[in-house]
Amino acid sequence: MSDFTPTEMMTIAAARQLTSKDVCFVGIGAPSAACNVARLTHAPDITLIYESGTIGTAPDVLPLSIGDGELCETAVSTVSVPEMFRYWLMGGRISIGFLGAAQLDRFGNINTTVIGDYHHPKVRLPGGGGAPEIASSCGEVYITLKQAKRAMVEKIDFFTSFGHGEGGDHRQRLGIKTKGPTLLITDLAIWRPDPETKEFVVRSLHQGVTREMVQETCGWTVRFADDLEETPPPTHEELETLRALNERTRLAHSGGKAA
Amino acid sequence: MGKIVPLQQAVAENLKPGDTVAFEGFTHLIPHAAAHEAIRQGIGDLTLIRMTPDIVYDQMIGMGLARKVVFSYAGNPGVGLLRRMRDAIENGHPRSIETVEHSHSAMAQAYEAGAAGLPCAIFRGYKGAGLKAVNPDIRSVICPFTGEELAAVPAHRPDVTFIHAQKANRRGDVLIEGIIGVQKEAALAASRVVVTVEEIVEDFAGLHPNLCILPHWTITAIAEVPGGAHPSYAHGYYDRDNAAYLDWDKVSSDREAFAAWMQDNVLAVGPEAFADRVKGLRK
């Protein structure tokens with residue numbers, strides 16, 4: 001199937017990275033769409049956890065908030081928020097944390113707090129929510145965002161969630177035992193960190209995307225892998241699953257009832 | 001002791017100017033009716049604690065009742081930003097507010113520490129996070145057994161906590177089910193607890209033994225306000241009004257539109273208005 005949008009490609013490329021064995025802490029937006037597409041296609045047994053305390057959810061429509069009733073109604077169990085953060089996240093039971101970002105740097109550090117100075121912000125963003133501890137307590141972290149120069153920046157304005165810091169072994173030096181960001185999926189490419197420097201390197205370009213397109217929408221000088229690959233385009237099943245999910249979601253949130 | 005009273009009286013007797021107050025409910029069961037009553041009574045100079053300030057605090061901040069906000073995620077969930085709160089932070093309108101910002105993990109555990117009567121919460125968190133540099137309440141302790149450095153934040157001890165719940169019985173015991181969030185902890189951490197409920201029933205006979213129940217002797221006052229969580233929801237009663245959350249982005253984007261909306265939907269009406277708002281959302 002050749003007719004797809006970059007956002008659809010991003011969501012589907014992210015979904016493909018998940019397996020039925022994963023226990024995934026899901027952020028709202030693109031991560032939530034990707035996780036549920038995975039669940040509805042090749043990873044039916046994936047455990048999706050939202051920070052509202054819902055464990056093992058299987059929503060029919062994407063939640064607008066992390067605490068929509070649909071999540072609780074389809075969950076294996078619903079626990080309190082303190083229990084969620086203590087026993088399940090801090091206790092090391094989550095394999096993947098899936099985050100979005102307002103600003104991201106080449107080492108996977110994320111800002112969702114402020115643009116400008118913290119005390120006199122140009123734009124006050126929502127803040128971290130669960131992300132600071134998701135970034136340090138999940139086994140590894142996947143990040144997804146649409147490429148833009150204002151989003152992928154040389155230096156983020158605020159360290160909401162710590163990725164690889166200045167790169168190299170910075171996480172270990174702070175006593176963090178988890179892997180941190182191991183994957184970045186954008187609307188143009190799939191990136192993975194260099195094993196030594198931890199800088200994100202483009203490993204695969206989505207179909208029809210050029211190196212120039214990736215560089216023009218990124219605020220740092222992009223490194224490309226020597227054996228650069230092309231991301232397989234969405235299959236018919238992947239695309240139909242995502243579109244049907246989005247349509248059910250649109251109907252449900254506009255006040256109408258999903259079929 | 002779980003005294004059942006009208007909402008106006010419950011708020012007037014328990015919320016005072018200058019109080020530290022939590023209106024809790026994690027997306028689910030947000031006590032909007034109680035907050036609207038506080039706005040109508042004009043009780044100001046408040047320190048507002050809430051994990052997600054959400055529309056409920058956007059309204060209180062926009063009406064100038066907040067002096068300080070303690071929070072961990074200041075967004076309109078799934079929609080975008082909180083525009084009245086931003087106007088207060090960025091432009092000091094209608095008054096400047098002090099902010100104390102945490103992560104969700106820290107906020108949840110600060111309530112838990114408050115409920116446990118501990119002075120602080122200790123946890124593995126804030127590693128490499130920028131909030132440590134801007135919030136002096138985020139400190140650390142060394143584990144005396146392993147030497148591990150752990151984060152510490154002061155316990156939340158609100159003067160009063162407001163929550164919304166599904167049911168109370170005649171004795172004043174309160175039942176919460178579904179996404180239970182931090183309400184139990186926020187209630188047990190507070191000096192006074194005010195609960196609005198969907199309905200008051202005779203007794204809780206025949207219910208599951210492990211349901212989340214706050215016994216009547218932990219509650220100060222209860223008011224029956226059907227629909228009192230709208231546009232949030234009450235599991236088993238009505239759905240979240242997602243369209244209202246989307247609409248709020250427009251209402252709150254303009255100071256005059258906001259003032260007009262608050263006049264029509266909060267100042268000019270009473271708690272009984274909530275029942276109508278959830279009619280089309282009932283299961």
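In this predicted model, Phe159(A) is partly exposed, its relative accessible area being 28%. Phe162(A), by contrast, counts as buried at 5% relative accessibility. The ring centres of Phe159(A) and Phe162(A) lie 6.3 Å apart and the ring planes meet at 40°; the pair is therefore classed as tilted, since that angle falls between the limits of 30 and 60 degrees.

## Aromatic pairs

A pair of aromatic rings is described by the distance of the centres and the angle of the planes. Over all chains, the structure holds 10 aromatic pairs. Another of interest is formed by Trp191(A) and Trp220(A), with an edge-to-face arrangement, a centre-to-centre distance of 5.9 Å and an angle of 70° between the planes. This pair links distant parts of the chain, 29 residues apart. Trp191(A) belongs to strand E12 (residues 189-193) of chain A, while Trp220(A) sits in the loop between helix H7 (211-216) and strand E14 (223-231) of chain A. Both residues are enclosed: Trp191(A) is buried with a relative accessible area of 0%, and Trp220(A) is buried with a relative accessible area of 1%.

In chain B, Phe23(B), Tyr57(B) and Phe162(B) form one aromatic cluster.

## Salt bridges

The number of salt bridges over all chains is 28.

| Arg240(B) | Asp68(A) | 3.8 Å |

Arg223(A) is partly exposed, with a relative accessible area of 35%, whereas Asp194(A) is buried, with a relative accessible area of 15%.

Arg255(B) counts as partly exposed at 39% relative accessibility, and Asp87(B) is buried, with a relative accessible area of 7%.

Salt bridges that share partners also join Arg106(A), Glu154(A), Asp194(A), Glu199(A) and Arg223(A) into one network.

## The interface of chain A and chain B

The size of an interface is often given as the accessible area lost when the parts come together. Chain A and chain B bury about 3,800 Å² between them, and 61% of this area is on carbon and sulfur atoms. In chain A, the residues that lose the most area to chain B are Leu64(A), Arg124(A) and Pro126(A), together 17% of what that side buries. Counted by contact, 45 residues of chain A meet 49 residues of chain B.

Between the two chains there are 3 salt bridges. Arg124(A) lies in strand E9 of chain A and Glu101(B) in strand E7 (residues 98-101) of chain B, so the pair joins two chains. Arg124(A) and Glu101(B) are both buried. Arg240(B) and Asp68(A) also form a salt bridge, at 3.8 Å between the closest N and O atoms.

On the side of chain A that touches chain B, helix H3 (69-73), helix H4 (81-90), strand E9 (121-124) and helix H5 (131-137) of chain A each supply at least two residues. H4(A) gives the most to that side, with 5 residues. By class, the side of chain A that touches chain B has 20 nonpolar, 17 polar and 8 charged residues.

## Helix H2 of chain B

In helix H2 (residues 32-41) of chain B, 8 of the 10 residues are buried, so the helix is largely enclosed by the rest of the structure. The buried residues in H2(B) include His32(B), His36(B), Glu37(B) and Ile39(B). Just after H2(B), Gly42(B) takes a positive phi of about 65°.

Notes: Residues numbered from 1 in each chain as written. Chains lettered and ligands numbered in written order. Predicted model: local features only at pLDDT ≥ 70, side-chain atom pairs only at ≥ 80, totals over all residues. Heavy atoms only, no water. Contact = heavy atoms within 4.5 Å. Buried area = accessible area lost by both parts, 1.4 Å probe. Salt bridge = Lys/Arg side-chain N within 4 Å of Asp/Glu carboxyl O. Helix = DSSP H or I, 4+ residues; strand = E, 2+ residues; numbered from the N terminus. Nonpolar A, V, L, I, M, F, W, Y, C, P; charged D, E, K, R; others polar. Phe/Tyr/Trp six-rings, centres within 6.5 Å; stacked < 30°, edge-to-face > 60°. Buried < 20%, exposed > 50% of the residue type's maximum accessible area, 1.4 Å probe, protein only.
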